[in-house]
Structure formats: structure tokens, C-alpha cells
Amino acid sequence: MRAWYFSENAYPYLPDPSTYESIRVTLPNRYYDPKIGAELYHRYLDEWQYAEEMGLDLMINEHHQTATNLNPSAAVVAATLARITKRARLLILGNPIANRRDPVRVAEEMAMVDNYSRGRLECGFVRGVPYESSATNANPVRMVDRFWEAHDLILKAWTSHDGPFSWEGRFFHHRQVNIWPRPYQEPHPPVWITTMSPSQIVKVADRGYVAATFLTGYDETRRIFQTYRARRREQNLPMTDDRLAYAALVYTGETDEAGLAGARKLMWYLTSNKVPPQFKNPPGYASVHTAAQLLKGADIEVARKFPLEKCIENGIIFAGNPDSVYEQIRRHHDYVGGYGNLLLMGQAGFLDHEETVRGIELFAKEVYPRLKELKVGIESALA
Amino acid sequence: MTTSSPQSLNVAGIELECLQRGTGRPLLLLHGAGGPRPTAPFMEMLAQRMHLIAPTHPGFGNSPLPEWIDSVDDLAYLYLDLLDQLDLRDVVLMGFSMGGWTAAEMAIKNTTRLAKLILVDPVGCKFKDRETREFPDIYALPPDEVNRLTYYDPATFAPKYDQMSDEQLQAAARNREAAALYLWEPYMHNPKLRYRLHRINVPTLLIWGAHDGLATPEYGRSYCAAIPGAKMEIIEKAGHTPQNEQPEAFVAAVMRFIEED
């Protein structure tokens, strides 16, 4: 198993949540102090660098108009990391290409990062969270169609080397596509896609991309991974665990108490996400079935509001001493049928630099070596 | 042909759910972003007086959504085709909100089959500057606030999602999705429309709810001034849907306009 360290790079110094309606989209940026923010940017880069020193690979994501994440451009962070790191793979998970106006620009940015890093880019494409339809003015209707057209255009831009091609699609027009630079890797950087819907998983599986899923716990993750594996089998395509990735909040302490204390701080990520219904359920984002439940006021993020012990039991947080963290991950890994990539959110909210670094160090030294040896266990073979 | 249940028509290759009721002068009725309301009292009242033709826009209700359709302009051409196909003449064209925008887009293209035009709290035009939205951003406001802006009496007229069956909720979710396809960007308007309204050459009435907070009566007056000879009637104690909140006053205003000279 490969472990990828990431942090959402939050700006947690906010007023009492009762004084604002939403941490996303509408929270005024007067609450952002550039003096504090600049220090945070550098601190978070230091933590990525430290994770690399400890032997982890790195993941970067982006969000827009939110205090939960200071990186509206993953490409900018990735380019910086490409310069200040030497070995780690750099995973952007990912580019919200259904919300970007110009996929060719995304192809160019990713090609630059791939060159800066001399071929260390892993390029993810994501649909993006529902809140960002308003933040980017991107129509949530037909987003999936737009996503795949953008993907097709980016892949063609990366792999065309004999002068311009023309694109007059349903959503994007570009008569002279001929990007400089081309990607460093041949034929292009490895592609990752996050998805939960069966029809999308099938498309990801057919292309052999890495399918990633965030905080989906035990049964949901197993369903997603089984769909991917079944499709590969059905198409007589080879299947390896490195095609699957699971993201969770992870904190390793010297003792269970220390590990749980760190995890409680990480939970800021789950508890700070105050978002009103109009941003959670933009029309067309969710399926008609899910959207109908949301109209009625259903809370589909309820599993993120449980206490720590329940989150651990549900497999969205792995925390405790190194043995506990290893056992929790192994149990989850085996239950879902195995996966080759663990995306670990190791910093959030008010977890300070020393605590973050300590968590990374203990994970890297005491847990990671054992994870690298993980094979699919008995439980999943029986499942 | 008049029945109480909608029929499926094929209009230039597009499958369209369409309700036809009553006899007499044809009234083509275009629903708003909330979707068709076949059982609303105002529909019954109009069907007693005229031949109602009420299609369901692609993506709403039971009308499929063809892959290539995504704009009010598409709807305008579709309904001009519908008028041709049904060979309707001397038609009164009436649209509500987004349907009013659609009706205006039809009338700037071709009024050959039209006798009169009625726009009820229509959206579609942009008059203010780039930093002043013509309509509140309903996709960024709390649902209660949207209801307060939409209705004079939200407690009575706002949709009650908590009392709906799953089937009704899913229909509402599908309508909401279809509306966003047409309305998202440019937001509830066609930047060119205001410059084309001068082409409308049939008698036109704008009916406006006095308390419409989505498309205000002030906005309505700008709209009215851009259509040659158009008149405006205000319905008291009504918001964005006067046809639902004050059906008697609404139908009376419609009939007065239709029956004059």
C-alpha cells in the first residue's frame, strides 16, 4: 500500500459559527488576515515537505470560496511542491474540470507541473463538491457530461504531438489545440477520478484509472471497489489494488489517548463544514432520488457528525497508537477487498505544526512499514 | 381535441407532454420554472372559456429532455413549431415567469399565428448594469427567503416538501433541475432580448403581482416600456404567481384584455 499525505490547508481562525450562515461561498474574506494566511501557506508546505522526508507521497486538492481550504488552484501548490520536493509523487485530487471554463488551460497547467516535477504528477479529475456550483457559477445540470467532454479534450491535448487539432464539442470549443509544453510522462500523467456512482465507476474502470473515494466507510467503499473489480473482470482486464484509493482522517499518537486527542482536532474538518441547504443541493447535482430527499430536509452528511469513536467504527477516521491505527486500517482494507492507496488527511483545523509533524512521523515509522506488506485478507476473500 | 389528461405529441422530433382542454379561441399557455400546474384553479377557470393548449417544457413533468436542448431560445422555436403543427391561428399566447420569457422570445421571432400576448411576471430581460442583478440569486438564498420573495402568502402557497410523497418530491426535484438548465447562465435572461422586444407587433399585456420580490413590478415597468403599446396590470395581494394567489382577479384581467375590441 502507498500512503499519500494531504491537508486541506484550512484557515480556522474564524468567528463563532453562529455569526455566519455558511463557511463556504458567502463567508466574507475580511475574516482572512493575509499576515496569518501567508504563514499558514508556508507552514502547510513545510508539512508536505516533512511528509516527503518521512517517505510518504503527497496529495493536493482545491476548493473555492471557502475557509476550509486556502487552495483555489491546486496547480499553484503542486508547482511549488514540484520545486521543493525531490522524490514524492504529487497527486492532485483533483481538478474540478466540470467547473473550469477552459479544459485546454487545465491540460497546460498539468503539463507544466509534470515538467517541473520531472514526471512526478498524478493527475486527478473530480466533479467537485455541490457547494462550488455557486462559487464558480458552473451549471450543476449536465455536469457529468461536461466533465467527460473536458476529460476527453485534456487527454487529447496531452497526447497530440503533430500540431493543432480542432474541438467543436457540446460544451467546449477550441479550433487550434496544440499545447506547449507536452507532459513529461509518456503517454501522459496517470489519471485518478473520484466517484461513487456505478455508471461512473464503470467508465473509470474501463480506462484503468485509479478510482478514489473519500470517507465512504465500510459498506459504501466495498460497493464502489467491488463495482470496479467486477467491471475489470467482466472486460477481461487485469486488476491490481493500486487502481483503488481510500481517503480517511488519520492521526497516530504514541498512545491511544494521544492518537485520539489528535484525531479530535482533525475532526474540525467534519464539524466546521457549516453549509446551508441552498449550497448543499444545487439543482441537478444529485440524482433526482437524492435531490428529492434533500428537498425534504434529509441530512446525507449525517455520518460525518458522529462522535470520534463512532467515526472510527465507521471507518472514516483511523486513530490511536500505531498498533491501533494499523489494525483499523487493516480491518477496513480487508473488509472492502483491499486497496493500494491510502489518502490520509493528517492535518486539519487547529492541529498545530508540532502535532501534525509528530502524527506524520509516527505513522511513517510505526504504521506505514506494516501497511506496505498488506495483502487482501481472509475477510474479503470470504465476503 | 380536448381531454382532461395530457397527451404526448411529437413536435419536429421532440416528444412533448401537452394538455389540451376546453373549446373556443386557442390559448397557448407556457408554464414557469415551478413546472406545469394542470389542476390549479386558474386552469379550470380558463378552460371553461377557451381552448387551452398547455405543453410541458422538455425536462419538466413527463416531457423527455433531448440532449441538445438547453435554452429558452430552443423552447421558443419548439412552440412556434407546435403552433404550425396544430395549425392554430388567432392564438392568445400567455406565459408565466420563465414561460413569459419564452413567450417573448417567440413573439420577437414570429407573430403570424398570434393575436395577443400576455406575459405574467416574466423574466428574460436585463436592464441594469453588470454589478446589479435583475433577480435575486435563488440558488444562493435560503429556501424560506426564496419563498418570501416569491409569494405574497408563502404559508399558503409555497411548496410543502415535508408533506409530499416521494413521487411528488422526485417530480419537484426533476422540475427544479430542468429550470436550472434553462436559467443558470446568463442568469434568467437573454442579454439580447431587450433590444429585440421592439419587434413585437401584437397587443401585449403584462400582468404583475404587486408583491413579486423575484421580478419586481419596477422591473415589469421597464419590460413594459420596451414593448410597443404594451399595457401593464397589477394584481394586488399576489407575488410572482398571481395566477395561483389571486386566480379570480387574474382570470378577470386576462379575459378583459382578450375580449377588448
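Two residues count as in contact when their C-beta atoms, placed from the backbone, lie within 7 Å. This is a predicted model, where local features need pLDDT of at least 70, side-chain atom pairs count only at pLDDT 80 or more, and totals for chains, interfaces and linings use all residues. Residues are numbered from 1 along each chain as its sequence is written, while chains are lettered from A and ligands numbered from 1 in the order in which they are written.

**View 1. Where chain A meets chain B.** Chain A puts 20 residues into the contact, and chain B puts in 20 residues. On the chain A side, helix 10 (277-280) and helix 11 (288-295) each supply at least two residues; helices here are DSSP runs of H or I with at least four residues, strands are E runs of at least two, and both are numbered from the N terminus. Helix 11 of chain A gives the most to that side, with 5 residues. Sorted by class, the side of chain A that touches chain B has 11 nonpolar, 7 polar and 2 charged residues (nonpolar is Ala, Val, Leu, Ile, Met, Phe, Trp, Tyr, Cys and Pro; charged is Asp, Glu, Lys and Arg; the others, Gly among them, are polar).

**View 2. The open sheet of chain B.** Eight strands line up in the order 1-2-4-3-5-6-7-8, with mixed pairing; two strands pair if DSSP finds at least two bridges between them. Strand 1 (7-11) and strand 8 of chain B sit at the edges with a single partner strand each, so one side of each has no neighbour in the sheet. On average, neighbouring strands are turned by 25 degrees against each other, direction ignored (axes are lines fitted to C-alpha atoms, for helices over the stretch in contact, and angles run from 0 to 180 degrees between N-to-C directions).

**View 3. Strands 3 and 5 of chain B, with a helix on the sheet.** Strand 3 (residues 26-30) and strand 5 (residues 91-96) of chain B run parallel, joined by 4 bridges. Look for Leu27(B), whose bridge partner in strand 5 is Val92(B). Helix 3 (residues 98-109) of chain B packs on the sheet and touches strand 3, strand 5 and strand 6, its direction making about 140 degrees with that of strand 5.

**View 4. The hairpin at strands 1 and 2 of chain B.** Strand 1 and strand 2 (residues 14-21) of chain B are antiparallel, with 5 bridges, and Asn10(B) has Glu15(B) as its bridge partner. The hairpin leaves 2 residues between the strands, and Ala12(B) in the turn has a positive phi of about 50 degrees.

**View 5. Helix 9 of chain B, inside and out.** This helix (residues 247-259) has 13 residues and reaches 18 Å from its first C-alpha to its last, close to the 18 Å expected at 1.5 Å a residue (the expected span is 1.5 Å times one less than the number of residues). Phe250(B), Ala253(B) and Val254(B) are buried, meaning 20 or more other C-beta atoms within 10 Å of their own; exposed is 12 or fewer, and partly exposed is in between. Seen down the axis of helix 9 of chain B, the buried residues fall within an arc of 95 degrees, so they line one face; the arc is that of the directions from the helix axis to the C-beta atoms. Their cover includes helix 1 (41-47) and strand 6 (114-120) of chain B. The face turned away carries the exposed Glu248(B), Arg256(B) and Glu259(B).
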